[in-house]
Structures are given as structure tokens and as C-alpha cells.
Amino acid sequence: MPWRRPRRREERAYESRESPEERLERASEAEEERDTVELAALDGASIVEAATGEPEADGSAPSLVIDASRIDEARAARDAARPEEGVDLSVEVARGLRLRNPVLAASGTFGQGTEYAELIDVSRLGAVVNKGTTRNPRPGNPQYRIAETPAGILNSIGLENPGAEEVARTYGPRWAKLGVPVVVNVAGYSVDDYVFVVETMLGTPAVVAFELNVSCPNVKGGMLFGCDPLLAAEVTRAVKQVTDLPVIVKLTPNAPDVVAVARAVEEAGADGLTAINTVLGMRIDVARRRPILGTGSGGLSGPAIRPIALHLTYQVAQAVSIPVIGAGGVTSARDALEFLMAGASAVQVGTATFADPEAPLRVVEGLAAYVRAQGLASIRELIGAALPARGAPLAE
Amino acid sequence: MILEEGRVVANTAIGELGALLQVHAPGVAGRAAAGQFVHVRPGRGWDPLLRRPYSFNRIDRRAGDIEVIVKPLGTGGEWIAERGPGDALDLLGPLGSAFVVRRDTRNLLLVAGGTGIAPMRVLAEREAARRNVTLVMGGRSVAHLWPSERLPASVEYVTTTEDGSFGVRGRVTDVLPRLLVWADQLMACGPWPMLAALGRMRDDAARGPTVPGRAPLLEAQVAVEQHMGCAMGVCRACVIVTAQGNARVCREGPVFALADVRFEAGEPATVGLP
């Protein structure tokens, strides 16, 4: 039986000649008809059709016999939908953490990974970094929490999250089914806070690493750890003592000496670095004569900060021997290539996802296309290609 | 929810309310419900960057069209408001929660302020054939009202203006008491001060004795606005305070039970306070 279209709710044109009673009667008749159609539509539907409400692709009679040629077709269809198949995009994004490709969803812009899974195939990403997780639940900052700026946004969310125990309990089972590695972003006010969150999240399905958020500009004391090399090293050392999973430290561009912090946390045992978190910024509401954001200042992200992020990635990559993940305004494969050539082993896509939810996948596809077009054996050949030590010497 | 490239069919100025954009987007139209919204990308580039949320003002499944009211706010809003027939529009939607009309409701009371008319028009068009519908709309002046010819003829349309240029001089809350006695269900969308005024009426009704007009206030549903980022529930920019704690306008909302929304001096209650 040919597939019948799923039920459509009828929008009846209004006719003024009918009385309200006539209209009601007609409406209820139509409702009954539709119910019958709805049930009838399932007759002869395959299991897949009944479950999904969508007709099966080829429209032929449903069959339980496994047909090898159809499996090949399905595989071909999947590869067509995943142009990155067959290209070596795998990278080591932190010591002991190899991902299938160098594209991660940035913390705070991808929730718990489950939300965007309703829209895109998140299993095609290298990894997902979850929303900053703290020891206790946090309600976050007062409104407004977001403001638009030239080619970017300011945010002041204030680490709103349900706390480590709730994140592990609620999202662990969902992460197990997501098909993508999860990096837990850890935030806190004391060394104990960081250790507590990491210990709580240990053993949670799909978690492959921790990213220490020592650089949140939107909570009191949040940036303290990231601005002081000694404190950053202390929190890194403490976390390394309680977990064997790779520990990545997310650097803040607001530190007086970013390279010094990078060196200090490497020395303390960090397995990787993320460069960079948001840049402090502000906007004023002229009509109300006060800052737009509820906290006054907030964190600037998006393409506006890309040159800053690139500069710091370039500096940090030369100063340390652990992998660096570039972050800040990545919207396309070209942007990602800039970061890789500046010494990053991977990139995080964040703010761009808000404008284009497919942006992270487009970066994956674009990187694969570049590797293919350039005839490279692997994307790894590009890492640090623009660094002075490896590339052509820079002009004095 | 889906990503869909819509095509603008028409762009009509509606007084001071904004540009009424009719967009052919069968995928979004086929899934949309009153109260939900569509997140529109202002161009293909990254400046302006954020999408803009617009509540559905009309859902025509048969034609595959939606209509939204676009106020030219900010560079992104201006860009969208200037789209003309044939222009492509990057849509993400439908998003958020929808109004729920009870099957046994005979008399439906809709209250709109400003662009809050959007979901009320969808409800009016859908429900006019099923029950008695009265729509109350308030605005600063006649130029801020929704034109009556764009409503089903069977809908009773009551208007208020602050300057008295059309309808009753005053605000929507001034005409509500007599209508609440008649109504079985109340739904509203508008600026925060209007919703807060409804919230106060509800609080009074909750405290008072059982009188006619109390039930629709206690069960009222409202759609709220908030500055929004992703609209996918991840960034938590658009949260408000509700009886259940923080709620995202883009996910748990934009339609909430009036009883659950927490107000503070005519505005949403401050987030982050215990």
C-alpha cells in the first residue's frame, strides 16, 4: 500500500454565511474523519514507518529479509552524508586523548550536548564540552545576560547549572547514547570545589577528559585562578591527583601574562590547554544610561575576538609542549585552519553555533575537503605549519 | 524543530507595529503551533550575529506559509524587516511551548499588547470556528493596533488606546473585569508591565472569594519575551524566574501558566536571588 501522508491539521477558510453552530458541527465532523484517516494511515506501514511517521526512502514493500545490497546502499548514503569519512582528521587534543576529528563544541554554547542532538548529528563532532559545572547548583546572574556586539556577543550567564551530582545523574545516561565523547568543563571558587566536581563526575559515561574553567569572567573569583600562574598550577595539580583522565586548562585572555599561566599549568601536569575563554567587555544602554548586562561587564565571544585568540594560541603553542585547543570566533574551516597552522591541535566552535547550528559540522566537512584537496596524509601535517620554528622564518 | 530556508512572499507595514512578513516555509508551517516562535538569521554572515525570535502571527499549513511581525530593532531586526518578496530567510523552528485550549472551553478570551498580538491572532483564526472568541488589544495609539480586517469576522474585537485615539481610552486591564466573568479561558501576550498587571489581578483573585471571573485568571496562560541567544536551550540567556525555579523562555516557554511567572515591580523577577 502506498504511504499516506501524515495527518495535516486542516485550516478551514472562514465562511461568514454559516452560523457558529453550523461551523462547530462541520468542525467536529471533520475531526472524526481525520481520526479515521490517522489510524488507517498506519495500515501496511513498515515498522520503521510506524515508528517514525515518515515514509521509508524507497517506498517498496517493507521487508524483514536483510538485503546485502541495501546495506551497501545505506553505507554509501551515510558516507555521502559524512564527507569526512575516509579522511584522517584524528588528532591528539590533549596528552592521552585522541579524537576522531579536531572540532569540539565549546563549553556554554552546546548545553549538555543533548539539545543540539535534536537538530544535528553530534556524533560527527570530535567531542562536546559541556556547560560549566560547579559543586553546587547555581541560579546564574541577573538579566540581561546577553548583548550583541559587532561580529560577536557579550554574555553574563554566571555559570547557571544544576551542580555536579545532578549533571552526572541526569546526563550520564544520555551521554552514553549520544555517540560523542564528552569533556566536562569544571568551575569553582576553591581548589576543593574543582576536586569535588572532578571526583563526582568520575565514571560518568562518555566522559573522556576534564576542562578546568579557571577563567570565567562572570562569577566573583572565577577568574582568580586563571590570572595567577601559582593558583592555576595549584588547582591543576590537585585535580591531577584525583583523576587519570586528561586535564585541560582553559586559559583566560584577561590574565596579565597568559604564557606564564600556560607554562605554570603545564609544569603542574596539565595534559592540554584551551586558548582562549571570553574577553572582558561591556555595552551601555544609552536610553537607560546604564550597562545592558545585569552584571555590568561580561565575556565577549564570536568572530570579534578571533585575532586575539589566534595571537594567544600562536604564543602559547610555542611556549609549551602539550597540545593546545584554539577557541575564539571559529565559524568556518578556514578559521579552523588558521588556528591549526598557529599551533593548535584542535579547535572549539562556540558562538557561531547560535547563528548556524550546522557550523561545527561545516568545519569538519571543510577540513576534510581541505585535506583531500591538498593531498595530505592527515590533518596533523598542518598543526603548527605557520609557527616560526617550522615554517619560513618571519621577517625581522 | 528544523532548519529551513524560507522565501518571503510579502512584506506589509502594519502601522507602528512593524513589518508583517509572510514567508513560504512549509516545513516550519507544518509543525508550528500558536505561541511557538521561529528564530530568524539576519543574513548569512556573522555581523549581526544573533538570530531574532518572532512569534508566529499566522500559520497557514495548506499554503505552507507563516507570518511574523518584525520590529526593526537593531541592525539584525532592521535587515529582517527590510526583506522583500523572493528573498531567502534562514529559519530555525518552530521552537518553544504552545498555548493549550481546553476542549470544553466555550468562551475564549485573548489579550494582546503590541507585537504580543502575534500568537493571539493565530489562536483567533484557529479557534473562531470552534468557540466564541473575544480579543482585547491595547496600544499607545490607533497606529499601534492590529487592523480588524485581518481577523476572522466572528471574533469580537475590543480595543484600548492610551491616548484615546481609538476604542476605550486606557489599558487592556480596564476592560477585562466584565469579560472575565464571561470567559472560560484566558490567554495573553504582551509587554511585561501588561503581564504583571494580569499577574496582580490573578493574585487578587487567588486571595478573594469564589466569584465569577476568578477561574480564567487562575488558569491563565501567557507568552513572555526575553533577550535570547541560541533559542535551543543551551546558553541560558533567556531565563526568567518561575514557581519551578529558573525557566528558559526558549524551551519551557515562551508560554507559561500566569500563576507560575514571578514578577517584580512590573518586570520579570530578578534571576539569581534566593
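How are α9(A) and α10(A) oriented to each other, roughly parallel or roughly antiparallel? The first close-up takes up that question, and the views after it move on through the two chains of this predicted model.

**Figure 1. Helices α9 and α10 of chain A pack against each other.** Here helix α9 (residues 306–319) meets helix α10 (residues 333–341), both in chain A, with their axes 9 Å apart and at an angle of about 25°. Angles under 35 degrees count as roughly parallel, and α9(A) and α10(A) are therefore roughly parallel to each other. To find the contact, look for A:R306, A:A309, A:L310 and A:T313 on α9(A), facing A:D335, A:E338 and A:F339 on α10(A). Sorted by class, the residues in this contact of α9(A) with α10(A) are 3 nonpolar, 1 polar and 3 charged.

**Figure 2. An open sheet of 4 strands in chain A.** Its strands follow the order β5-β6-β14-β11, and the pairing is antiparallel. At the edges stand β5 (146–149) and β11 (279–282) of chain A; each has a single partner strand, so one side of each is left without a neighbour in the sheet. From one strand to the next, the twist averages 40°. Within the sheet, strand β6 (residues 152–155) and strand β14 (residues 297–301) of chain A run antiparallel and are joined by 3 bridges.

**Figure 3. A:L273 in the largest nonpolar core.** This core has 148 residues, and A:L273 and A:L367 touch the most other members. Which residues does A:L273 contact, leaving aside its neighbours within four places in sequence? Its contacts include A:I248, A:V249, A:L251, A:A262 and A:V265, and also A:V316, A:V320, A:I322, A:P323, A:V324 and A:I325. A second, separate core holds 49 residues, among them B:A19, B:I66, B:W146 and B:V255. For context, chain A comes to 12 helices and 16 strands, and 54% of its 396 residues count as buried. Among contacts in chain A with a separation of 6 or more, 71% join residues 24 or more positions apart.

**Figure 4. A closed barrel of 6 strands in chain B.** Follow the strands around in the order β1-β2-β5-β4-β3-β6, with antiparallel pairing. The twist averages 45° from one strand to the next. Helix α2 (residues 74–81) of chain B packs on the sheet and touches β1 (2–14), β2 (18–24), β3, β4 (52–60), β5 (65–70) and β6 of chain B; its direction makes about 25° with that of β4(B). Helix α3 (residues 117–127) of chain B also packs on the sheet, touching β4 and β5 of chain B, and its direction makes about 20° with that of β4(B).

**Figure 5. Strand pairs in the chain B barrel, seen residue by residue.** Strand β3 (residues 37–41) and strand β6 (residues 88–95) of chain B pair in the antiparallel sense over 4 bridges. β3(B) is also joined to β4(B) by 4 bridges, and these two run antiparallel. Moving on, β4(B) and β5(B) pair in the antiparallel sense over 4 bridges, and B:D60 stands opposite B:D65 in β5(B). The hairpin of β4(B) and β5(B) has 4 residues between the strands, and there B:G64 takes a positive phi near 75°.

Technical notes
Residues are numbered from 1 along each chain as its sequence is written. Chains are lettered from A and ligands numbered from 1 in the order in which they are written. This is a predicted model: local features need pLDDT of at least 70, side-chain atom pairs count only at pLDDT 80 or more; totals for chains, interfaces and linings use all residues. Side-chain values use heavy atoms; hydrogens and water are left out. Two strands pair if DSSP finds at least two bridges between them. Axes are lines fitted to C-alpha atoms, for helices over the stretch in contact, and angles run from 0 to 180 degrees between N-to-C directions. Contact means heavy atoms within 4.5 Å. Angles under 35 degrees count as roughly parallel, over 145 as roughly antiparallel, 65 to 115 as roughly perpendicular and the rest as oblique. Ala, Val, Leu, Ile, Met, Phe, Trp, Tyr, Cys and Pro count as nonpolar, Asp, Glu, Lys and Arg as charged, and the others, Gly among them, as polar. A nonpolar core is a set of buried Ala, Val, Leu, Ile, Met, Phe, Trp, Tyr and Cys residues joined through side-chain atoms within 4.5 Å. Buried means under 20% relative accessible area, exposed over 50%, partly exposed in between (1.4 Å probe, protein chains only).
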